[in-house]
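Here is a short report on a two-chain model. Please look over the sequence and the coordinates before reading on.

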Amino acid sequence: MSPAVPNQVGKKDYEQLRVSGLHAFYGESHILHGIDLVVNRGELVTLLGRNGAGRSTTLKAIMNMVGRRTGSIMINGEETMSCAPRHIAHLGVGFCPEHRGIFAALNVEENLTLPPVVRSGGMSLEEIYTMFPNLYQRRASPGTKLSGGEQQMLALARILRTGANMLLLDEITEGLAPVIVEKLGEVLMNLKSKGLTIILVEQNFHFTAPLADRHYVVEHGQIAEEVSASELDSKRSLLNGYLGV
Amino acid sequence: MSMILGVPVAVLFGQLLLGLINGGFYALLSLGLAVIFGLLKIINFAHGALYMLGAMATVILFDTLGISYWAALFVAPILVGCVGVAIEYFLLRKIAGQDHIYSLLLTFGVALIIQGVLTNMYGVSGLRYSMPDVFKGGMNLGFMFLPYYRAWVIVIALLVCFGTWFMIEKTKLGAYLRAGTEDSQLMQGFGINVPLLVSLTFGFGVMLAAFAGALAAPIYSVTPVMGSHILIVVFAVVVIGGMGSISGAIITGILMGVVEGLTKTFYPPASSAVIFLVMVVVLLVRPSGLFGKEA
């Protein structure tokens, strides 16, 4: 059993991430204009919104991977604004970037074992290969020779091995075939049942709707709306307005 | 005596051997440059000066402290490697992320300073270093005479090159290095200490140069300017092989040494130009180098 489960018991409301008044800049451009959001332990939360609304930048800002930031980002109750990116990972944060970030010069297994273990309780290589049999078959191939779907599996799998208990996933279904998207959905449900906290930047609302506990709508670098899973039906027309679907 | 294309066999093989030795030095030096360029994207113009420091250190360590050749093979690279780490930490890190030209000028300046200071202290006429006794003499292979030291240089240079290649391509540490070459920001996001990796990589590349210097001490004239002569050729080798390619640096280094040796045998006037001629042709036909990835 994964030890993440006992940790979670009785701690459902434990605040794993609190972002308040977050502004972020790329050079002269002001991208985030005061993001406020809270994610509890074991929750699956999505950031919805149009392209360019600032969803990916929010994740990168949490990782301290943007130019300049102001505001506050608390992880497990600890202020992280002055932390170097490599220290963020050691707080148990696993990041899966947009475009996946698979290393071409590394084979599949090297890609998989590249991120160092940051906490105990991560999945073993065998467990990962059981979850993603394709990766086992292709473990000696160069990372970027995989299909798009396999690369996405790899990008996700490699942060599961590290023991990270909060996953930031950026557009993981982008450009993938429906059957792969379905498989990713199953994987996310599985991870959620293990007690992992997941923050999902997603374009595909139909993919996230059945998975997520809550949704944040990001627009012009701010949180425009917060919608819980139970409010989904009553607020559907509002959401459609924001997302233009 | 038997002849090949009008050249005595012994002369031909003698030049081939010299070419292989020069090639070994080219390979060690261009390998260090390639390792540094791969991760730091820095064109290290101080590489020749650090090679010279390795040779000077070997001689000076022997003269002042009586440190033997064998010990110097380890001590000199470690000392000079520390100099390299200091250069990275105190100077190069300050201009990280700037245009290539800044690090190029900075390392060039560092090279001039090191060279100038040592010229002031030791002059340019060269220091004497006697070959360790084990290496005196050689063996007659029938078709040529093989000095022991030259054989040793070829063998150890190839071993170190192969070891470096193996470390980079086949080990976990090498995987960090290769990944850092592609996306060091994401590496940081995974919790990897990239600044440390950068320092160590620069230090390691510098150690390779200093090791080449220590190897060169008994056979080349050890002077404060020995590095500036070889560096230009080594840059040509790196361009021919393709910037940043590890195996490319090794193979091209040895190949160019041999090409130079053969040219010396058959048409001596062209021998010092032949590598640059190859460079021009390669740049015209395959601008990214023989082993470089097509841009």
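Two strands count as paired if DSSP finds at least two bridges between them. The model is predicted.

## The sheet of chain A

By that rule, strand β1 (residues 15–26) of chain A pairs with strand β2 (residues 29–40) of chain A in the antiparallel sense. Strand β4 (residues 68–75) of chain A also pairs with β1(A), again in the antiparallel sense. β4(A) in turn pairs with β5(A), antiparallel as well.

| Strand pair | Sense | Bridges |
|---|---|---|
| β1(A) and β2(A) | antiparallel | nine bridges |
| β1(A) and β4(A) | antiparallel | seven bridges |
| β4(A) and β5(A) | antiparallel | two bridges |

Together they form an open sheet of four strands in chain A, with the order β2-β1-β4-β5. Which strands stand at the edges? They are β2 and β5 (78–79) of chain A. Each has a single partner strand, so one side of each is left without a neighbour in the sheet.

Helix α2 (residues 55–62) of chain A packs on this sheet. The helix touches β1, β2 and β4 of chain A. Its direction makes about 75° with that of β2(A).

A:Phe25 has A:His30 in β2(A) as its bridge partner. A:Arg18 stands opposite A:Met74 in β4(A). A:Met74 also has a bridge partner in β5(A), namely A:Glu79. The hairpin of β1(A) and β2(A) has two residues between the strands. There, A:Gly27 takes a positive phi near 60°.

## A:Val19

A:Val19 belongs to strand β1 of chain A. Is A:Val19 buried or exposed? A residue is buried if 20 or more other C-beta atoms lie within 10 Å of its own. A:Val19 has 21 other C-beta atoms within 10 Å, so A:Val19 is buried.

Leaving aside residues up to four places away in sequence, A:Val19 touches A:Ile35, A:Asp36, A:Leu37, A:Ile62 and A:Ile73. A:Ser141 is elsewhere: 122 residues apart from A:Val19 in sequence and 39 Å apart in space, C-alpha to C-alpha.

## Chain B

Chain B has 11 helices and four strands. Its C-alpha trace spans about 65 × 50 × 35 Å along the principal axes. How does the radius of gyration of chain B compare with that of a compact globule? With 295 residues, such a globule would have a value near 19 Å; chain B has 19 Å, which agrees.

Of the 295 residues of chain B, 47% count as buried. Among contacts in chain B with a separation of 6 or more, 76% join residues 24 or more positions apart.

One helix pair shows the packing in detail. The axes of helix α5 (residues 148–170) of chain B and helix α8 (residues 194–216) of chain B come within 11 Å. They cross at roughly 170°. Angles over 145 degrees count as roughly antiparallel, and that makes α5(B) roughly antiparallel to α8(B).

From α5(B), the contact uses B:Val153, B:Ile156, B:Ala157, B:Val160 and B:Thr164. From α8(B) come B:Leu208, B:Phe211 and B:Leu215. By class, the contact of α5(B) with α8(B) has seven nonpolar, one polar and no charged residues.

## Where the chains meet

The contact between the chains takes 18 residues from chain A and 15 residues from chain B. On the side of chain A, the largest share comes from helix α3 (residues 85–89) of chain A, with three residues. The residues on that side divide into 14 nonpolar, two polar and two charged.

Conventions: Residues are numbered from 1 along each chain as its sequence is written. Chains are lettered from A and ligands numbered from 1 in the order in which they are written. This is a predicted model: local features need pLDDT of at least 70, side-chain atom pairs count only at pLDDT 80 or more; totals for chains, interfaces and linings use all residues. Two residues are in contact if their C-beta atoms, placed from the backbone, lie within 7 Å. Ala, Val, Leu, Ile, Met, Phe, Trp, Tyr, Cys and Pro count as nonpolar, Asp, Glu, Lys and Arg as charged, and the others, Gly among them, as polar. A residue is buried if 20 or more other C-beta atoms lie within 10 Å of its own, exposed if 12 or fewer, and partly exposed in between; C-beta atoms are placed from the backbone. The radius of gyration is taken over C-alpha atoms; the globule rule is 2.2 Å times the number of residues to the power 0.38. Axes are lines fitted to C-alpha atoms, for helices over the stretch in contact, and angles run from 0 to 180 degrees between N-to-C directions. Angles under 35 degrees count as roughly parallel, over 145 as roughly antiparallel, 65 to 115 as roughly perpendicular and the rest as oblique.
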